[in-house]
Amino acid sequence: IQADIEQPYEAAELAQTTLDDLEQPFVLEHQEVRLRATIGITLFPEDGDNTEKLLQKAEQTMTLAKSRSRNRYQFYIASVDSEMRRRRELQKHLREALARNELHLVYQPVFDSHTGEPVGAEALLRWTHPTGGQTALLSFIPLAEETGLIVPIGAWVLHRACADAVQWPRPLRVCVNLSAMQLRSRHLVDEVRRVLAVTGLPAARLEFELTETALATEGGLVTETLQGLRALGVGLALDDFGTGFSSLAYLQRFRFDRLKIDRSFVQSLADPAEETPRALVGAILGLADALGLPCTAEGGETTQQRVALTQLGCGSLQGYLLARPMPVAALADLLAQPPGAGQPARPAAPRSPVPAAASA
């Protein structure tokens, strides 16, 4: 409670100071820890004339701010009420989506950068809303995580992806994303074991993609879960590599089978005159090579990006230039083609060495 202020900017200054103070790193049991917060702000008497109204609207504002972008403050505005009603309605429909068969998967192929042959596919969740049609992924996945619905939805995605992959014309790997809440579940390893047994998919063909956000809750249970998954024989990939605070620390702490270079690095390769993006990608690839980890680059949309990634030695590529996410039937048709049929040609330019500065 901040008293005796004359202008809203004073509340904003206090909120930002609080965020800055909380974000200062500290050591807990020999590990560096950072805190982040999201703050909802209401003003008396504009937003409410009693404590109950002010706190309720502040909490709504904070919840909405968290769903959009964490580590920030947000003032209450009138549209928050309508937005919260929309979110409650969306949550209601999402709870019913599984029972109504409104969820489905599409698959985006991953290609070998040299041969142009598909080497796997990432399973991507889609939801056809009963009244709103195709619902944007970013609008319902955070809601599913906040409400805990991501656990049953994630279990459905895992089973569906494994069942589909068994039917593919080629025995390629299928990549499935794991959320932070799934990773913290004590039943995940048993669930994966059961799904592999029921569907008949070999464990070596399943690869889980983990973001730094999911690993940020690292503790004994998460470590035990990752060890259990590895014992089953499934692969582990570190997704969005290079975008977080502790990517290198996670490489040291956990064993991964693959790195996925974040699309932000790939998109910056569009301009061949820019040397910094090429050096950064080269550094990531050099690190992965030193660790014996294959790399997949995601988000490739131009020929220049594909050529640059291949020259730098990236082993596999994923992006709209090569293939957009497609239904499982279309993926089966793609995999049924004989090797080399209709696949992107290998760039003619030879692979250039990783820049010395980047290697260092």
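A pocket is an open set of grid points with protein on both sides within 12 Å along at least five of seven lines. In this predicted model, the second largest pocket has a volume of about 730 Å³. Its lining is made of 22 residues, and Ile 1, Gln 2, Ile 41, Thr 42 and Leu 43 are the closest to the centre of the pocket. Two or more lining residues come from each of helix H1 (8–22), strand S3 (39–41) and helix H2 (51–68). Helix H1 gives the largest share of this lining, with 5 residues. By residue class, the lining of the second largest pocket holds 14 nonpolar, 6 polar and 2 charged residues.

A cis peptide bond is found between Phe 44 and Pro 45, with omega about 5 degrees. Pro 45 belongs to the loop between S3 and H2.

The salt bridges were considered next. The count for the model comes to 13 salt bridges. One of them joins the side chains of Arg 160 and Asp 164, with an N to O distance of 3.0 Å. Both residues belong to helix H5 (residues 150–166), where a spacing of 4 residues places Arg 160 and Asp 164 about one turn of the helix apart. Arg 160 has a relative accessibility of 32% and is therefore partly exposed. Asp 164, at 11%, is buried, because buried residues are those under 20% relative accessible area.

A further salt bridge is formed by the side chains of Asp 257 and Arg 230, at 3.2 Å from N to O. Asp 257 is placed in the loop between helix H10 (247–253) and strand S11 (258–261), whereas Arg 230 is in helix H9 (residues 220–232), so the pair ties together parts separated by 27 residues in sequence. With a relative accessible area of 27%, Asp 257 is partly exposed. Salt bridges with shared partners also join Glu 122, Glu 209, Lys 260 and Glu 298 into one network.

The side chains of Arg 100 and Glu 102 form another salt bridge, at an N to O distance of 3.9 Å, which falls within the 4 Å limit set for such pairs. The relative accessible area of Arg 100 is 45%, and this residue is partly exposed. Glu 102, in contrast, is buried, with a relative accessible area of 11%.

Backbone angles were also examined. Asn 101 has a phi near 60 degrees, a positive value in a residue other than glycine. This residue is in the loop between helix H3 (79–97) and strand S5 (103–112). Asn 101 has a relative accessible area of 68% and is exposed, because exposed residues are those over 50%. A positive phi also occurs at Asp 240, where the angle is near 55 degrees and the residue is again other than glycine. Asp 240 is part of strand S10 (residues 235–241). At a relative accessible area of 25%, Asp 240 is partly exposed.

Gly 228 is part of helix H9 and is buried, with a relative accessible area of 18%. Between Gly 228 and Asp 190 there are 38 residues of sequence separation and 9.0 Å in space, C-alpha to C-alpha. Ala 288 is located in helix H12, which covers residues 275–291. Ala 288 is buried, at a relative accessible area of 1%. In space, Ala 288 is 7.3 Å from Leu 259, C-alpha to C-alpha, while in sequence the two are 29 residues apart.

Conventions. Residues numbered from 1 in each chain as written. Predicted model: local features only at pLDDT ≥ 70, side-chain atom pairs only at ≥ 80, totals over all residues. Heavy atoms only, no water. 1 Å grid on protein atoms, 1.4 Å probe; cavity = no way out; pocket = protein on both sides within 12 Å on 5 of 7 lines; lining within 4 Å. Points joined across faces, edges and corners; volume = space filled by probe spheres on them. Nonpolar A, V, L, I, M, F, W, Y, C, P; charged D, E, K, R; others polar. Buried < 20%, exposed > 50% of the residue type's maximum accessible area, 1.4 Å probe, protein only.
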